[in-house]
Amino acid sequence: MMKIGIIGAGNIGGNLARRLTSLGHDVSIANSRGPETLKALAEETGATPVLASEAARGARIVVVTVPLKAVPDLPSGILDGAAEGAAVIDTGNYYPQRDGRISAVEEGLTESRWTEQQIDHPVTKAFNGTYAQDILDKGLPQGTPGRQALPVAGDDAEAKQAVRDLIDELGFDTVDAGGIDESWRQQPGTPVYGNRGDAGTIAKALADATPERTAEWRA
C-alpha cells in the first residue's frame, strides 16, 4: 500500500483513482473546483477528496493530470509536502486549440520540461498517450503475450523505476523512453502517441519519432 496523490480528476485522473484504490493504495484526489465536487468519485472509489494544495502531502507518487494551460495556476509549492524522493508523473499534452500558444513549447522545449519549470520539480512522463478507458479495461498480468506497453520518460532513475513498477501493477508493460529532453518522442503526433502496442511495438515507435512538431499540433 502506497500513498498516492492525484491532481486533476478528469478521465485519466479519475480512472487512475479507480484502479489504484482497487489495488489497495491510499489515494488522495484534487481538482480545480474543490473537494466537495468529488463526492461521487470518492464514494465510488474510496479515494479521499482534498484541496489541490494538500493532494501531494505524504505521497510517494504524485500524478499531475491537468490541462497544460492550468499547470502555471497550480498552488505554489504544491509538491512541498510530498514524501522525500517522491516521483511526480506528468500525463500532460500540449493541445494549442485548448491551451493557447505556449511559446517555449512551440520553439522546441519538451512539454514535460516546461511543466517541470512551472511546478519546480522533476517529472516522469507517462500516460500522456494512453486512452483513459484502457486504464480500466486493458491491464493484463505480467508476462501475458501482447501485453500493452506504455512509454515512460524521465531523468531520475529511481523515480522512473517507481513509476514503471506502478504501471506494471496496473497491468501494463513499460518501455524506457529516455530522459525528459527526449520526451518529444511520445508527444502528440508521434508514432507512439495513442499506440496500443506491446513493448516491441512501442520501442520501435519511439525510435521512429522525429522531433518536428507537425502542423496540427502547433498554434
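Reader: Hi! What should I know before I start looking?

Author: The model is predicted, so local features need pLDDT of at least 70, side-chain atom pairs count only at pLDDT 80 or more, and totals for chains, interfaces and linings use all residues. Residues are numbered from 1 along each chain as its sequence is written, and side-chain values use heavy atoms, with hydrogens and water left out.

Reader: How many bridges do β7 and β8 share?

Author: Four, in the parallel sense. V152 has D176 in β8 as its bridge partner.

Reader: Which residues of β4 are buried on each side?

Author: I61 and V63 are buried on one side, V62 and V64 on the other, so both faces are covered. Buried means under 20% relative accessible area, exposed over 50%, and partly exposed in between (1.4 Å probe, protein chains only). In a regular strand the side chains alternate between the two faces of the sheet.

Reader: Is V88 buried or exposed?

Author: V88, in strand β5, counts as buried at 2% relative accessibility. V62 is 26 residues from V88 in sequence, but their C-alpha atoms are 4.7 Å apart. Leaving aside neighbours within four places in sequence, the contacts of V88 (heavy atoms within 4.5 Å) include V62, V64, L79 and I119.

Reader: Switching to helices, at what angle do α1 and α7 pack?

Author: About 80°, with the axes of α1 (residues 11–22) and α7 10 Å apart. Axes are lines fitted to C-alpha atoms, for helices over the stretch in contact, and angles run from 0 to 180 degrees between N-to-C directions. α1 and α7 are therefore roughly perpendicular; angles under 35 degrees count as roughly parallel, over 145 as roughly antiparallel, 65 to 115 as roughly perpendicular and the rest as oblique.

Reader: Which residues meet there?

Author: L16, R19 and L20 in α1 meet L166, E169 and L170 in α7.

Reader: How many residues of α1 are buried?

Author: Nine of the twelve, so α1 is largely enclosed by the rest of the structure. Among them are I12, G13, G14 and N15. The cover over the buried residues of α1 includes β1, β2 (26–30), α2 (39–45), β4, α6 (132–137) and α7.

Reader: Last one: which residues other than glycine have a positive phi?

Author: D120 is one of them, with phi near 60°, and F127 has a positive phi of about 70°. D120 lies in the loop between α5 (111–119) and β6 and is exposed, with a relative accessible area of 70%. F127, in the loop between β6 and α6, counts as buried at 4% relative accessibility. Most residues other than glycine have a negative phi.

Definitions and conventions: Pairing = 2+ DSSP bridges. Helix = DSSP H or I, 4+ residues; strand = E, 2+ residues; numbered from the N terminus.
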